[in-house]
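User: I have a structure open and would like to go through it with you. Can we start with contacts between the chains?

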Amino acid sequence: MEAAGTTDDRSLHQRVVGGDEDALGELHERFYPLVLGLALRITRDRLVAEDIVQEVFVTFWERPLAFDPDRGSLRSWLATIAHRRAVDHVRAEERRRVAALGPRLTEPEPSPLEDWVLAADEAARVRTAVSRLPGGLREAIELAYYRGRTYRQTAEELGLPEGTVKSRIRLGLRKLADALADEEV
Amino acid sequence: MAPAPASGPDTPFVPEPGRLARLALDAYAETAAEPPAGARDRLLAAARVRRGPAVRAGFAVSYAARVAAMDALLAGATPADWATVIVEGWTLQELVAHLAATDSLVAAAMGVRVTGPPIAADEVLSRTADVIAYQRDRDPALTRADWRAQAEAICARAVTMDAAVPVAPGGIGFPVGDHVLARMLETWIHTADAATVIGVPLPPPLPAHIHPTADFCARLVPLTMALSGMTPGAKALRLELTGSGGGTWHVPLDLSAPAAPHAGQPADVSITCDTVAFCFLLGGRGTPATFPADVDGDSGLAADVLTAAPALSGP
């Protein structure tokens with residue numbers, strides 16, 4: 001749970017602005033699961049999602065000055081681009097399939113310079129998925145994310161060692177990712 | 001921290017949207033996904049087509065990175081941006097033509113083929129006028145491509161040269177490595193000029209790229225004083241540049257020896273200021289009279305140093 005504009009974000013951004021390909025490779029390695037998970041959740045198509053992943057990183061590489069580390073984290077930024085590209089794809093597909101009915105207008109265009117915000121239906125899906133987590137994982141996730149507690153505070157409130165809380169949160173996030181990738185939720 | 005919404009046993013707690021989004025992103029980041037084989041190479045190949053990476057550049061590495069940064073700014077420039085006046089009455093397109101013009105004098109001195117019209121006069125202002133006239137009615141994308149190609153050729157040539165070889169583009173004799181550092185500083189400053197006018201945030205160069213430029217600026221101080229008609233005699237400056245890429249230098253002001261890292265030598269005056277601000281002052285950005293610096297010792301001498309600092313800066 002790092003703050004926006006960490007040193008790491010800034011340094012990677014500086015290197016990408018300066019044309020350092022290795023920085024792009026590091027960025028790809030670090031954020032691939034995030035961008036793919038997001039694109040997959042929206043498009044439901046692995047090949048399309050992989051294309052979107054590439055396009056997201058190429059877009060960041062081509063115009064890195066569109067990102068401002070003072071205004072948000074790199075991962076929010078990449079998530080915003082991924083979300084927009086995935087939604088665009090879904091809309092284009094729908095237009096192709098049901099040309100007569102026109103596009104589905106359910107999701108607003110995210111603003112690139114704002115922190116990433118979930119669409120209403122996506123938010124509901126996340127909350128449902130959290131509510132279905134096993135009790136111990138759900139408690140830890142709810143305290144850490146819903147209530148904004150630190151790892152230490154979460155550990156104190158649950159009367160557990162901090163290490164245990166960290167593992168529970170990590171496991172909870174993995175289960176959430178699986179649940180969100182599932183059509184049923 | 002925002003106050004938590006009221007909740008009781010019967011009302012489910014509703015987290016604020018930002019926290020829910022953070023949770024979703026953290027969950028997606030835990031997606032068990034490995035990039036397919038070859039994904040990284042395909043990504044780099046696709047990225048190269050859209051914006052060339054900084055070329056391997058030997059002693060020109062910090063210049064190559066500034067070229068890449070300016071190119072990133074140009075990649076996002078709209079037609080309106082290209083026509084916007086940035087500095088010296090030049091539009092962005094004319095500014096890029098000016099960079100290409102000054103680069104071309106260094107390119108010619110390094111034995112690199114120049115882009116644009118043949119060089120008629122080895123002098124910045126008339127060369128700039130020629131290149132601007134040549135580029136003015138062309139598509140800005142072509143101006144960008146010409147400038148970038150020539151800059152990359154300079155970097156490629158730098159790999160095969162000794163940085164200490166003296167060259168004299170525009171009649172100014174320095175080691176070629178210093179001429180390239182001067183190109184780095186000017187490219188950086190003009191990119192910052194354009195970023196300010198267009199309204200995009202420009203991150204600073206990496207500390208490892210700022211440091212050699214700061215060293216170059218420290219070494220220029222005696223020359224800027226001589227050019228300004230100031231002859232302090234056998235006096236010395238201790239210059240402490242703070243922040244990213246900085247350091248401390250001992251600068252003899254009588255041209256007796258080049259500035260070197262400070263190693264306890266006595267000095268007549270000590271100036272402490274921000275590294276980037278000092279480099280930009282040498283580059284003609286900032287006002288010597290109000291330049292933020294801490295001075296210890298001969299304050300008149302410090303004022304002379306700062307007043308003379310922009311003496312080498314041109315358009």
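User: What do the side chains of A:R170 and B:E30 do?
Analyst: This is a predicted model, and in it the side chains of A:R170 and B:E30 form a salt bridge, at 2.6 Å from N to O.

User: Why would two side chains pair like that?
Analyst: Side chains of opposite charge can pair when their charged atoms come close.

User: How many salt bridges are there across the interface of chain A and chain B?
Analyst: The rule finds 6 across that interface. Over all chains, the count comes to 31 salt bridges.

User: And what about B:R50 and A:E62?
Analyst: Their side chains also meet in a salt bridge, with 2.9 Å from N to O. B:R50 sits in helix α2 of chain B (residues 39–50) and A:E62 in helix α3 of chain A, so this pair joins two chains.

User: OK, polar contacts now. How many residue pairs between chain A and chain B?
Analyst: There are 17 residue pairs in polar contact between chain A and chain B, counting pairs with both residues at pLDDT 80 or more.

User: Which helix gives the largest share of the side of chain A that touches chain B?
Analyst: That is α2(A), with 12 residues. Other helices of chain A supply at least two residues each, including α1 (7–17), α4 (74–97) and α8 (162–181).

User: What kinds of residues are on that side of chain A?
Analyst: By class, the side of chain A that touches chain B has 29 nonpolar, 13 polar and 17 charged residues.

User: How many residues are in contact overall?
Analyst: 59 residues of chain A are in contact with 50 residues of chain B.

User: How much area do the two chains bury between them?
Analyst: Chain A and chain B bury about 5,100 Å², and 63% of that is on carbon and sulfur atoms. On the chain A side, A:E21, A:L65 and A:Y146 supply 14% of the area buried against chain B, more than any other three residues.

User: Changing topic. How many cavities does a search of the whole structure find?
Analyst: The search finds 2 cavities of 30 Å³ or more. The second largest cavity holds about 40 Å³ of space.

User: Which residues line the second largest cavity?
Analyst: Its lining is made of B:P53, B:A54, B:V55, B:A64, B:V67, B:A68, B:R148, B:E152 and B:C155. In chain B, α3 (61–75) and α7 (140–159) are the elements that give two or more residues to this lining.

Key:
Residues are numbered from 1 along each chain as its sequence is written. Chains are lettered from A and ligands numbered from 1 in the order in which they are written. This is a predicted model: local features need pLDDT of at least 70, side-chain atom pairs count only at pLDDT 80 or more; totals for chains, interfaces and linings use all residues. Side-chain values use heavy atoms; hydrogens and water are left out. On a 1 Å grid over the protein atoms alone, a cavity is a set of points where a 1.4 Å probe fits but cannot get out, and a pocket is an open set with protein on both sides within 12 Å along at least five of seven lines; lining residues have an atom within 4 Å of a point. Grid points are joined across faces, edges and corners, and a volume is the space filled by probe spheres set on the points. Helices (H or I, at least four residues) and strands (E, at least two) are DSSP runs, numbered from the N terminus. Contact means heavy atoms within 4.5 Å. Buried area is the accessible area (1.4 Å probe) that two parts lose on being put together, summed over both. A salt bridge is a side-chain nitrogen of Lys or Arg within 4 Å of a carboxyl oxygen of Asp or Glu. A polar contact is a pair of N or O atoms within 3.5 Å; within protein, one must be able to donate a hydrogen and the other to accept it, and residues adjacent in sequence count only if both atoms are side-chain atoms. Ala, Val, Leu, Ile, Met, Phe, Trp, Tyr, Cys and Pro count as nonpolar, Asp, Glu, Lys and Arg as charged, and the others, Gly among them, as polar.
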